[in-house]
Amino acid sequence: MKKGGRLILIEVGVVMVIALILILIMPVVLSEFRLNLLGRFLSLAIVALAIDLIWGYTGLLSLGHGIFFGLGGYAIAMYLKLQVPVGELPDFMGLYGITELPWFWRPFYSFPIAIAAVVILPGLLAGLLGYLVFRNRIKGVYFSILTQAATIVFFNFFNGQQQFFNGTNGLIDFTTLFGATVSDPKTKFVFYTLTVLFLAGTYGVCRWLTSGRFGRLLIAIRDDENRVRFSGYDPTDFKTLVFTVSGAIAGVAGAFYTLQSGSVSPRAMDIAFSIEMVIWVAVGGRATLIGAIVGTLLVNYARAFLSEQFPEIWLFFQGALFLIVVTVLPDGLVGWLRSQNIPLFKRPQQISTYPSLEEDTEVQHERQNIGN
C-alpha cells in the first residue's frame with residue numbers, strides 16, 4: 001500500500017476512535033449539563049470547518065457566516081414551533097394579533113421540507129451572494145466588508161419581525177419532536193450523537209474537497225488568483241461552489257445548535273458572533289481542518305470556564321489568549337505543532353510552484369551544451 005493510502009487509513013481510524021469516545025465514553029464521564037455544553041460546542045465546530053474551507057483553503061475571509069448559521073437554526077425551529085394541535089398557531093403570534101399562519105410558515109409543517117430548508121436555504125443564499133460578488137472580482141477586505149454588511153441587514157430584519165419570528169427573543173420553548181419531548185435527556189443524547197456523526201462526516205467531506213486537484217486549485221486561487229485565471233480556469237465558478245458548500249454546512253451547524261440549545265434568535269446573525277467563528281479557526285490554525293475543531297473547543301471551553309470562575313474579568317483572559325495566538329502563534333496551535341515535526345500533525349510535502357533554475361536539470365543540460 002502506498003504511503004498516501006496508509007495515511008488516509010490512519011486518519012480515518014483516528015476520526016472513528018474519537019467519534020466513539022465522544023459517543024460512548026463522554027456521556028458516562030460528563031454530567032447532563034456538561035454533555036449538552038459539549039454538544040453545542042461540537043455543532044459550533046461544524047461551522048468552524050465551513051469557515052476554514054473558504055478562508056484557510058480559498059482565501060475568502062467571510063465575516064457573515066452567522067447569516068447561514070442562523071437561517072439553518074430558524075428553519076428547524078419553525079418546524080418545532082409548529083408541533084402544536086391542528087388549527088393552533090405558535091404561542092408568540094397571538095401576542096401580535098396574528099390570526100392565520102403566514103404562508104411562508106406553512107411548508108414547515110413537513111419535516112422533510114424543513115430538513116431540506118436547513119441545507120438549501122443557506123446554500124442558495126451563499127451561492128447567489130457569492131456569484132454576484134465573485135463575478136465582479138470583489139475579494140480581499142472588500143469581500144469581508146460586504147459579508148459583514150449583509151450580516152447587519154439580516155440581523156435587523158429578523159430582529160424587527162416580532163409578529164413572524166418573535167423579534168429579539170427569537171423562537172424558543174420547543175416541546176416535541178416525533179412525539180418525544182425535546183427537553184428529555186434521551187432526546188438530547190440523540191441530538192448529541194447526531195452532532196458527533198455529522199461533525200465526523202463534515203470533516204471527511206472537507207478533507208475530500210481539499211485533497212486532489214480540486215483542493216490544489218482552491219489553494220492556487222488563494223495564493224495567486226490571477227495566475228489561475230491566466231491558466232485557463234475561471235475562479236468565479238470554483239469560489240461560488242465552495243462558498244455554497246460552506247454556507248450549507250453552516251446552516252446544518254445552526255440547526256444542530258438550535259436543537260441542543262433549545263432556541264434561536266437574531267443573535268446568531270450578530271456581527272460579533274461571525275467574528276468569533278473566524279477567531280476559532282485562527283486559534284486552531286488555518287488550512288488544517290482539525291485546527292478549526294480544536295480552536296472551537298478550546299476557545300469556547302476557555303470562555304465557559306473563565307466566565308464561571310472570573311465573571312467580572314474573564315473577557316480580559318479571552319483577549320490575552322487571542323493576542324498570544326496572533327503574536328506568538330500566527331499559524332495557530334496546529335500550525336505550531338506541525339512546525340515541531342510531530343508525525344500526527346505533519347503537513348504533507350508540497351510541490352514547489354517555482355523551482356529554482358539552478359536545480360533544473362534541463363537548464364543545466366542546456367548550459368553545458370551551449371557553444372558545443
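Begin by selecting helix 2 and helix 10 in this predicted model, where the two helices run roughly antiparallel to each other, because the angle between them is about 170° and angles over 145 degrees count as roughly antiparallel. Their axes lie 8 Å apart, and for the selection itself helix 2 covers residues 32–55 while helix 10 covers residues 235–261.

Next, show the side chains where these helices meet: on helix 2 the contact includes Asn36, Gly39, Arg40, Leu44, Val47 and Ile54, and on helix 10 the residues taking part include Val242, Phe243, Ile249, Phe256, Tyr257 and Gln260. Colouring this contact by residue class gives 15 nonpolar, six polar and one charged residues.

Stay on helix 10 and select threonine 240, which is placed in that helix. Is this residue buried or exposed? Threonine 240 is buried, because its relative accessible area is 13% and the cut-off for buried is under 20%. Beyond its neighbours within four places in sequence, threonine 240 is in contact with Gly127, Gly130, Tyr131 and Phe134.

Now turn to the largest nonpolar core, which holds 88 residues, and pick out Leu49, Phe69, Trp105, Leu171 and Trp280, the members that touch the most others. Helix 2, where the tour began, gives the most to this core, with 16 residues.

Finally, centre the view on tryptophan 105 and display what surrounds it: leaving aside neighbours within four places in sequence, tryptophan 105 is in contact with Met78, Lys81, Leu82, Pro90, Phe92, Met93, Phe164, Phe165 and Leu171.

Definitions and conventions: Residues numbered from 1 in each chain as written. Predicted model: local features only at pLDDT ≥ 70, side-chain atom pairs only at ≥ 80, totals over all residues. Heavy atoms only, no water. Core = buried A, V, L, I, M, F, W, Y, C linked by side-chain atoms within 4.5 Å. Buried < 20%, exposed > 50% of the residue type's maximum accessible area, 1.4 Å probe, protein only. Helix = DSSP H or I, 4+ residues; strand = E, 2+ residues; numbered from the N terminus. Contact = heavy atoms within 4.5 Å. Axes fitted to C-alpha atoms, helices over the stretch in contact; angles between N-to-C directions. Parallel < 35°, antiparallel > 145°, perpendicular 65-115°, else oblique. Nonpolar A, V, L, I, M, F, W, Y, C, P; charged D, E, K, R; others polar.
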